[in-house]
Amino acid sequence: MSERQPLQSPIGTHDVMADQSPLWEGVVAHFAQFAYRFGFSMIHTPMFEDVRVFHRGIGEKSDVASKEMYVFEDRGGRSYALRPEGTAPIVRAFVQHQPTVPFRAWYVTPAFRYERPQAGRYRQHHQLGVEVLGTDDPAVDVEVISLAWRFYQALGLTQVRLLINSMGHVECRERFVDVLREELHEHRQQLCDDHRQSYAENPLRVLDCKRPSCIAVTDDGPSLPDFLCAPCADHFARVRTGLSAIGIESVLTPRLVRGFDYYTRTTFEFVADALGSAQNAIGGGGRYDQLAEELGGKPTSGIGFGSGIERILLARAAEGVDQPLINRDIDIFVVDTTGHDVATVLVDQLRGAGWATLRAYDNRSMKSQMKLADKSGAKVALLVGPQEEAAGEITIRELRSADFEQSQRVVLREEILATLRQTLGK
RNA sequence: GUGGGUGUAGCUCAGCUGGUUAGAGCGCCAGGUUGUGGUCCUGGAGGCCGCGGGUUCGAGACCCGUCACUCACCCCA
C-alpha cells in the first residue's frame, strides 16, 4: 500500500460511530438482560487462542478452520488464531478451569474470518451468545433456543424462523454419512462443479449447497432424522415438544448441518426472512457433546447458541423496526455566557445528581450555545449570563416546548436541583 | 480466491460528445442592533476530482495499472 493512501479501517471491518452505537449498546443490553434472567454469568476469554483449539474444535476440514482463520505466530514461535467463533474458546476455558456443572456462560465478542466482505459478511463481526455445559437434558436445549427466540422478539423482530434438525450422536452421524457418501458417489455426475470433486471429503457440506443440481441429488437421498438411534430420536422429540409447549414453532429442516464439525444432536438456525441476501442467518447453534473431550477434558455434553450483532441490526432495518433499544438522550444543556466557571461548577453538580449533562466551550455566543443545546437533544437548557450570576439565579428553558413564554422561568440557584427533579420527573 | 458495479467537499450526489478560477443540497461556522434554539434570510470556511502512469495544445471526464468501497459466487454471524 502506498504511503499516500489515507489510513482507514482494515478491509471488512467497520467503525461503529455515534449514530449507530446506541443500537449496538441496545442489542447488547437486551441480551445481557435476557442472559441474566436465564441465570447465565458473563465470561471473557482471550481474543486469540492456540490454533489447536479451533482445529480440534470446529474441525480442520471445515471452511472456517481451513481457509478463513487469521493465524499468526508470536515472537516465541507459538501459533495462534484470532477467534473465528465463540464456542470453542469457552469450552477450552471450561476444560481448563473445571467449574462446577451445569456451567452457564454468556459472552459478547468480536469474531474474525478472512473472507471477501459482502452484505452481512465481514472480516470482523460481533457475536453474542450463551453456552451450557454439563447436561444433555433436552430441557436445556429448549431453554437455550427460547432465550434466543425471546431475545429476537424483544428487539422487535417478527420475521424470524427457527430451523431445527438433529445430527444424532457420533454413531448416528457416521451411519448417515456412510449412506450419504454412497448416494453422492452414485450420483456424482449430477453434483455441481465444486462438489463433484469434493463430496467425499465432507459429504455433509453437500447438504447445504444451494445449487439446484446438488439439491436435486440430496433431496432424493437419505434424511438425517431417519438415522437417529432411539435415545437420539427421543431427545430430539422432547426438544421439539418442549419448544411447542412454550409456543415456539420450529421448522424441521433435515438438510440443516451447519459449518462446524463439533455439532451432535440438536442443531438450529434462526433465519431472518426480511434479509433478501444469502446471508440471512442471524444466529444459530446446537449441541456439542464431544467437544469438551476433543479439547482434552472429561466427556461433557454441552449446547450453545451465537448470534451476529451486525445481522441482527440488518434484519431490524430490513423489517423497518425503528424503535430505539436504549435511551442515551441528554437531559440538560448548560448555557453559560458569564465568562467565569459557572458552567463548570453547575455541570459538575448536575452530573453528580445523575443528570446527563452537556455544555458548550470556547466562549460561544448565547445564540450559538442555544443552537448546540437544541441539537444535543437536551430536554432543558439552563441559562446563566451576567444577570443571573449577579442575582444568584438560573433561567430554565424547556427546549421541547413550542411556546416561548410558557417554556421559560427563573429560579434561585439553590433551588435548581429540586426544580429539575420536578420538571424532568426523576 | 473468481466475477460485476463504483470512487468528485464532512454526508448524498451533479459535472453534457475532454475546453477558462470544479458545482448543488444537507451539515459546519459567523451574522440578521439591545443576552435565547427549532423556521427563514445573508455571508463564509471546506476539494492533490482515490493513487500512479499514459494519450492530448488541454483530462474530473479517454486508456492502462493500482488501491479501496460495494454487490454476487463459495460459506457463514
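**Exercise 1. Determine which exposed residues lie on the face of helix α10 turned away from its buried side, and describe the buried side.**

*Solution.* The face of α10 turned away from its buried side carries A230, T241 and A245, which are exposed. Here exposed means over 50% relative accessible area, buried under 20%, and partly exposed in between, with a 1.4 Å probe and protein chains only. The model is predicted: local features need pLDDT of at least 70, side-chain atom pairs count only at pLDDT 80 or more, and totals for chains, interfaces and linings use all residues. Residues are numbered from 1 along each chain as its sequence is written, and side-chain values use heavy atoms, without hydrogens and water.

Next, locate the helix. α10 covers residues 230–245, which is 16 residues, and spans 22 Å from its first C-alpha to its last, close to the 22 Å expected at 1.5 Å a residue. The expected span is 1.5 Å times one less than the number of residues. Helices (H or I, at least four residues) and strands (E, at least two) are DSSP runs numbered from the N terminus.

Then list the buried residues of α10: C232, H235, F236, V239, G242 and L243. Seen down the axis of α10, they fall within an arc of 125 degrees, so they line one face of the helix. The arc is that of the directions from the helix axis to the C-beta atoms.

Finally, identify the partners. The buried residues of α10 pack against elements including α5 (138–154), α6 (170–186) and β9 (264–272); contact means heavy atoms within 4.5 Å.

**Exercise 2. State where A274 is placed and which residues it touches.**

*Solution.* A274 is in the loop between β9 and β10. Its relative accessible area is 23%, so A274 is partly exposed. Not counting residues up to four places away in sequence, A274 touches Q159, A318 and E319.

**Exercise 3. Give the strand order of the open sheet of five strands, and find its edges.**

*Solution.* The order is β13-β12-β14-β15-β16, with mixed pairing. Two strands pair if DSSP finds at least two bridges between them. The edges are β13 (357–359) and β16 (408–412); each has a single partner strand, so one side of each is left without a neighbour in the sheet.

Now examine one pair. Strands β12 (residues 332–336) and β14 (residues 380–384) run parallel and are joined by five bridges. F333 has A381 in β14 as its bridge partner.

Key. Chains lettered and ligands numbered in written order.
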